[in-house]
Amino acid sequence: MNFIYWLTKEIISVDPRINCIMLGNLSDWDSLDPEKSMLKLKDGLGLPIGNLTSQLFSNVYLNPLDQFIKRSLKCKNYGRYVDDAIIISHSKSYLLKQVPMIKDFLKNELGLDLHLGKLRISEVHKGIEFLGVFIKPYRIYTSRKTLSRIE
């Protein structure tokens with residue numbers, strides 16, 4: 001068991017900014033949203049999303065959140081990928097009631113904060129952007145933002 005503890009600590013504690021190989025100019029990263037760049041995070045925060053272990057650890061660590069949302073809050077249309085989550089409902093008031101309960105659960109049970117700046121509540125017919133796609137009731141398509149990045 002000591003080996004697993006040591007290995008987990010090593011993986012979580014690695015700072016991807018140290019000894020990384022940067023291709024191109026550092027200034028190329030200036031236009032990137034600070035919350036999307038490991039280069040601008042405070043020390044001790046964040047795991048590199050491309051790191052397979054970050055996806056595994058998020059699934060293990062956030063499983064209690066998934067269980068809470070599905071079993072306690074009874075949210076039927078819920079999905080999560082790493083630290084991005086979506087709940088779809090026809091009722092705006094229902095969604096608004098879930099926010100403080102989810103926020104409290106994250107804080108009290110997992111020691112995490114809900115990023116209210118990224119919280120979006122949208123009418124179903126207007127759709128919502130999630131993970132690079134735009135979701136509407138009967139259609140899902142690549143978002144303009146994502147398309148602009150690949151052109």
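Modeller: Let's start with how elements get their names: helices (H or I, at least four residues) and strands (E, at least two) are DSSP runs, numbered from the N terminus. Asn 59, for instance, has its place in helix α2, residues 52-61.

Biologist: What should I know about the model before going on?

Modeller: It's a predicted model, where local features need pLDDT of at least 70 and side-chain atom pairs count only at pLDDT 80 or more, while totals for chains, interfaces and linings use all residues. Residues are numbered from 1 along each chain as its sequence is written, and side-chain values use heavy atoms, with hydrogens and water left out.

Biologist: How many helices and strands does the chain have, and in what order do the elements run?

Modeller: There are five helices and five strands. Starting at the N terminus, you read α-α-α-β-β-α-β-β-β-α. Along the principal axes, the C-alpha atoms fill a box of roughly 50 × 45 × 20 Å.

Biologist: How do I read contacts, say, which residues Gln 98 is in contact with?

Modeller: Contact means heavy atoms within 4.5 Å. Leave aside the neighbours within four places in sequence, and Gln 98 is in contact with Leu 73 and Cys 75. Gln 98 lies in helix α4, residues 92-110, and counts as buried because its relative accessible area is 5%. For the chain, take the contacts with a separation of 6 or more: residues 24 or more positions apart account for 37% of them.

Biologist: Since we're at α4, at what angle do α3 and α4 pack?

Modeller: Axes are lines fitted to C-alpha atoms, for helices over the stretch in contact, and angles run from 0 to 180 degrees between N-to-C directions. Helix α3 (residues 63-72) packs with α4 at about 145°, and the axes are 11 Å apart.

Biologist: Which hand does the crossing of α3 and α4 have?

Modeller: A crossing is left-handed if the near helix is turned anticlockwise from the far one by less than a right angle, and right-handed if clockwise. The crossing of α3 and α4 is right-handed.

Biologist: Which residues meet there?

Modeller: From α3 come Pro 64, Leu 65, Phe 68 and Ile 69; from α4, Met 101, Ile 102, Phe 105, Leu 106 and Leu 110. By class, the residues of this contact of α3 with α4 divide into nine nonpolar, no polar and no charged. Here Ala, Val, Leu, Ile, Met, Phe, Trp, Tyr, Cys and Pro count as nonpolar, Asp, Glu, Lys and Arg as charged, and the others, Gly among them, as polar.

Biologist: How many aromatic pairs does the structure hold?

Modeller: Rings of Phe, Tyr and Trp (its six-membered ring) pair if their centres lie within 6.5 Å; planes under 30 degrees apart count as stacked, over 60 as edge-to-face and the rest as tilted. The structure holds three such pairs. One of them is Phe 68 with Phe 105, stacked at 4.4 Å centre to centre with 10° between the planes. The pair links distant parts of the chain, with Phe 68 in helix α3 and Phe 105 in helix α4, 37 residues apart. Both Phe 68 and Phe 105 are buried.

Biologist: What sits over the ring of Tyr 141?

Modeller: A charge sits over a ring if NZ of Lys or CZ of Arg is within 6 Å of the ring centre and within 35 degrees of the ring normal. Over Tyr 141 you'll find the charged end of Arg 139, 4.3 Å from the ring centre.

Biologist: On to the loops. Where is Val 82?

Modeller: Val 82 is in the loop between β1 (78-81) and β2 (84-87). It isn't a glycine, yet its phi is positive, about 55°. Val 82 is buried, at 9% relative accessible area. Asp 83 is found in the loop between β1 and β2 too, but at 61% Asp 83 is exposed.

Biologist: What about the phi of Leu 131?

Modeller: Leu 131 also has a positive phi of about 55° without being a glycine. You'll find Leu 131 in the loop between β3 (128-130) and β4 (133-136), partly exposed with a relative accessible area of 46%.

Biologist: Last one: what does Ser 143 touch?

Modeller: Not counting residues up to four places away in sequence, Ser 143 touches Glu 129, Gly 132, Val 133 and Phe 134. Ser 143 is found in the loop between β5 (139-142) and α5 (144-150), and with a relative accessible area of 3% it's buried.

Note on methods
Buried means under 20% relative accessible area, exposed over 50%, partly exposed in between (1.4 Å probe, protein chains only).
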